Amino acid sequence: MPQLECVNLSLGYGNNVIVNNLNFSVKAGDYLCILGGNGSGKSTLMKSLLGLQKSLCGEIFMNVRPNEIGYVPQQTELQKDFPASVWEVVLSGCQGIRGLRPFYSFRDRRVALETMERMKISQLSSKCYRELSGGQQQKVLLVRALCATDKILFLDEPVSGLDP
């Protein structure tokens with residue numbers, strides 16, 4: 001069973017159709033890369049899949065719960081000025097899987113720490129997010145998304161600002 005399936009999906013704004021009759025499915029373990037020029041609908045598709053924007057027509061079947069999705073959006077200038085430490089940003093990725101518990105568990109903290117170590121950003125832990133370079137901020141957001149889930153990741157221009 002696919003984790004995600006789109007059937008005859010059309011996307012756009014108002015009467016302006018950007019993508020028409022899109023059909024695809026993604027199974028556990030699959031990788032799907034969407035390529036296209038500026039304005040071709042890549043971010044619009046991602047926002048529609050996440051339920052952040054309505055599609056013009058067609059259907060989206062998501063066979064994972066919302067708290068099983070990690071998401072790295074394109075960064076805006078407002079997001080780049082977020083006044084929290086890197087540790088707080090990364091740990092917040094565990095909120096969806098935390099449920100109704102008001103505090104982070106030992107497991108949440110361990111997952112955040114191990115993911116930061118794996119992605120080689122542990123040394124940034126106490127730094128303020130807004131004081132980081134654009135590439136460092138992007139890496140922090142990627143680590144946050146990895147902490148959010150091991151089911152499905154949506155990455156919108158995930159390597160922008162990163163060195164090879």
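Predicted model: local features only at pLDDT ≥ 70, side-chain atom pairs only at ≥ 80, totals over all residues.
Contact here means that heavy atoms lie within 4.5 Å of each other. The largest nonpolar core has 20 residues, a second, separate core has 14 residues, and the structure holds zero disulfides.

**Largest nonpolar core**

- Within the core of 20 residues, those with the most contacts inside it are V86, V90, I121, V140 and C147.
- Helix 3 (86-91), helix 5 (106-118) and helix 6 (134-148) each contribute at least two residues to this core, and helix 6 provides the largest share, namely six residues.
- When its neighbours within four places in sequence are left aside, V86 is in contact with M116, I121, L124, S125, K127, Y129, L132 and V140, of which I121 and V140 are also listed among the core residues with the most contacts inside the core.

**Second core**

- The separate core of 14 residues has V19, F24, V64 and I152 among its members.

**Cysteines**

- No disulfide is present in the model, a disulfide being a pair of cysteine sulfur atoms within 2.5 Å.
- C147 counts as buried, at 2% relative accessibility, and is one of the residues with the most contacts inside the largest nonpolar core.

Notes. Residues numbered from 1 in each chain as written. Heavy atoms only, no water. Buried < 20%, exposed > 50% of the residue type's maximum accessible area, 1.4 Å probe, protein only. Core = buried A, V, L, I, M, F, W, Y, C linked by side-chain atoms within 4.5 Å. Helix = DSSP H or I, 4+ residues; strand = E, 2+ residues; numbered from the N terminus.
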